[in-house]
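Here is a short briefing to read with the structure open beside you. Take it a topic at a time and follow along in the viewer.

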Amino acid sequence: MKLDAKIPGGPLAEKWDNHRFASKLVSPANRRKYEIIVVGSGLAGASAAATLAEQGYRIKNFCLQDTPRRSHSIAAQGGINAAKNYRNDGDSIFRLFHDTIKGGDFRAREANVYRLAQISNRIIDQAVAQGVPFARDYGGGLANRSFGGAQVSRTFYARGQTGQQLLLGAYGALMRQVKMGKVEVFPRREMLELVTIGGEARGIVTRNLLTGELENHAAHAVVLATGGYGNVYCLSTNAMSSNVSAIWRAHKKGAGFANPSFVQIHPTCIPVHGEHQSKLTLMSESLRNDGRVWVPKTPGDKRPPNQIPEAERDYYLERKYPAFANLVPRDVASRNAKEQCDLGKGVTETGLAVYLDFAAAIERDGAEAIRKKYGNLFEMYERITGRDPMREPMTIYPAVHYTMGGLWVDYDLMTTLPGLYALGEANFSDHGANRLGASALMQGLADGYFILPATIGNYLAGTSSEPVDPGREEFKQAERAAAERTARLLTIKGKRTVDDFHRELGRIMWDHCGIARNCEGLEKAQTLIPALREEFWHNLVVPGRGPDLNQSLERAGRVADFLEFAELIVEDALAREESCGCHLREECRTEEHEARRDDEHFSHVAVWEHRQNERPRLNLEHLSFEQVAPGRRSYK
Amino acid sequence: MKINLTLKIRRQSSPDEKGQFRTYPSGPISTDISFLEMLDILNERLTREGEEPVAFDHDCREGICGTCGAVVNGIPHGPAKKTTLCQLHMRHFREGDTLVIEPFRARAFKLEKDLVVDRSAFDRIIREGGYVSVNTGSAPEANTIPVPQNIAEQAMNGAECIGCGACVAACPNASAMLFVGAKISQLALLPQGGPERSRRALAMVRKMDELGFGNCGNERECEAACPKGISIRNIARMNREFLRAAICSDEE
């Protein structure tokens, strides 16, 4: 596998400009001859589909949901970063770039991240022009807040629904192009296969989720904007339908998969309450601004929190990290919560939760002030748990949230498969080993509105505009493969349900490849996953028929892919014998039990190549840092 | 705590078949789980017993995507105020309760299967102008046009709509005016939506009528059922926008 990131020459700040000038253009008159498939309609997919259509290309857009407006981008709460420096507090493009590289623990490309910071400002301009109702100051200008421990206020927001508002903006732009006849939207379609002709991406096979029909769609390029794969852990903050299938199918057809083990675990989620839980709900990180995290000092202390005296509580983050205390970064907070629970100090019936206590803040600022600040979050918490955080401490626990890994892409966002692009969370992205808060929306929209529309010409200009025939043998072959897989799932007629298998896979991944990983556990997972996969294909029961709306069948296909993909995550986690960002190898820690990064051996992107009936091959893209010297993170 | 419920669920295997209610005992259900998790448990059991599970739409399960929804004992999204079905927890019900569960019904929402309906009519309305016509790259600097804070807040009140369709299901006339009013209001309030204000109001209202949605009869059922608490002020604003455009503008 050849990995050429195609980073343009010149000084960092001029690379993107140079590249845009050097990039090939397709003449406006010829663009309508090119057809582009965009899979996914979240921030990246909708913004790319709309913008490419505005440029004159013919677009087919596919989504799982009944309408493109429901993609999981809609659930992003916090905000979107941009280097506007409206607050005059010392922010700049370089500072946003610097923070993102450092936050990613030096495992992302400098050139990409700088470009992201440059583009961030134009995203805000675009969203405002679309009528996105961002929060404003009394003077009518845009409001900002600081987010996730950033020292500048660069986050733009629309109440706690920034993702929703940005997505509806992109959805509006998409609908406008549908009205103009430039985009055709295919809702309730799931991509089951990628079709390649002569080694280049030329189409997809989809299943119509209402009728079960398989459909072939041909194009001159295929764009995957299908989101992250956090649901391989079964329980996560992702939507129920979020899955790895599209990018996994592409990987099996030749696209390299980068850093699959980089999975962000968010520290403040509502804990698991029981076996039948389907979803973990995120509580905004801002709660840690005023909440104090603690556990009982004595393991197994099951008294209600209000009966545990001050002297018998361990405010472990304040004790261990006096400088940052409750505001340590996501990965540190998550790891410490797990550590306390492993010591038997976890609270609630499950022992898998820690307290987040607002009593001190209420006493200091008054109940009214705290309610005003966090009222809507407290309501959400109470709706789910039935308990009021004004009266008793919240209980929280970390949960899988975002996946930094994804398909490897070059500077043009093209994968190792010519003609196949990956955008947003589906690519291995600009977040390195850890994503900063309010950066996911920025990246998805940068990819879709500005980067892909400027770079796709480099490929299309050298590609014949002759229509691709969906009746070709390659399509038939891919369709047969998809049909066979579906038929196989329906004919096993075993005893265990899809959800049952999914839960067990999730437990294996969480226990052995979760917040902290070690060689022994990972090797154990390497034996457990294939065994579970084996059982899946012999003992699964899928009710209903193929040619019908069959939600069990949909889930079975996704879990079948997760069962293959999980092994790659574990393989990657084993190969990376260092601790960086979200990835903590217990063997690689300092004497103080903190993460130890190994730049000498692991300053690279790990790119996996699929091989039939053989272990995947590891390819490396070396990372070098010219502008920001890799430093060690310390929060003591 | 565990409770036992009787579930009467409307089943229909395809758009053309006749629907019927089927009754299932819930079995012991923890009051800590959500309504959809209760349906998950029922479906797991049906699967093991060889019966086809109940098809229902859902996705984010945190009340923002707008995918889920069913009528529970006559109320879209069930009895809790400002709560989507996925956020409704079983502690709102008591031991022995009977829950009648039906899909959102309206002439413009074709029933697909069990509790799944086709709400693509909403997309068709938005297509007519539920946006600002601005190409990527042509936007002015974001702070060029100041927007008073209270105006931005009011626009956001409309923009919060999740497009679930509960307003239509709740309305005796199956009117979509809360949904359409929310979008028209958002864009009419903001200066960015100004240039297309008249065209938008005329086109979206026309499409809404054409798709078979009814008219507002001031019952306010939509507002009561809306999981985001969207106010019927937005319907008043829509009517005003429509009249203004129909009488004062030169748009067709």
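Is B:Asp114 buried or exposed? B:Asp114 is buried, because 26 other C-beta atoms lie within 10 Å, and the cut-off for a buried residue is 20 or more. Please keep in mind that this is a predicted model.

**Backbone spots to look at**

- B:Asp114 sits in the loop between strand E6 (110–113) and strand E7 (116–118) of chain B.
- The phi angle of B:Asp114 is positive, near 45 degrees, in a residue other than glycine.
- A:Leu413 is not a glycine either, yet it has a positive phi of about 70 degrees.
- You will find A:Leu413 in the loop between strand E16 (406–407) and strand E17 (420–422) of chain A.
- A:Leu413 counts as buried because it has 24 C-beta neighbours inside 10 Å.

- Five residues from domain 1 of chain A and five residues from domain 2 of chain A take part in the contact.
- On the domain 1 side that touches domain 2, helix H9 (residues 330–342) of chain A gives the most, with four residues.
- That side of domain 1 of chain A is made up of one nonpolar, one polar and three charged residues.

**An exposed residue in chain A**

- A:Glu363 belongs to helix H10 (residues 359–365) of chain A.
- A:Glu363 counts as exposed because it has 10 C-beta neighbours inside 10 Å, where the cut-off is 12 or fewer.
- From A:Glu363 to A:Thr491 there are 128 residues in sequence and 62 Å in space, C-alpha to C-alpha.

**The largest nonpolar core**

- This core has 279 residues, of which A:Val223, A:Leu224, A:Leu407 and B:Cys167 touch the most other members.
- Helix H17 (residues 551–575) of chain A gives the most to the core, with 12 residues.
- Leaving aside residues up to four places away in sequence, A:Leu224 touches several residues, among them A:Val39, A:Ala246, A:Ile247, A:Leu407 and A:Tyr421.

**Chain B as a whole**

- Chain B has eight helices and seven strands.
- Its C-alpha trace spans about 60 × 40 × 35 Å along the principal axes of chain B.
- Of the 252 residues in chain B, 55% are buried.
- Among contacts in chain B between residues at least 6 apart in sequence, 72% link residues at least 24 apart.

Technical notes:
Residues numbered from 1 in each chain as written. Chains lettered and ligands numbered in written order. Predicted model: local features only at pLDDT ≥ 70, side-chain atom pairs only at ≥ 80, totals over all residues. Contact = placed C-beta atoms within 7 Å. Helix = DSSP H or I, 4+ residues; strand = E, 2+ residues; numbered from the N terminus. Nonpolar A, V, L, I, M, F, W, Y, C, P; charged D, E, K, R; others polar. Core = buried A, V, L, I, M, F, W, Y, C linked by C-beta atoms within 7 Å.
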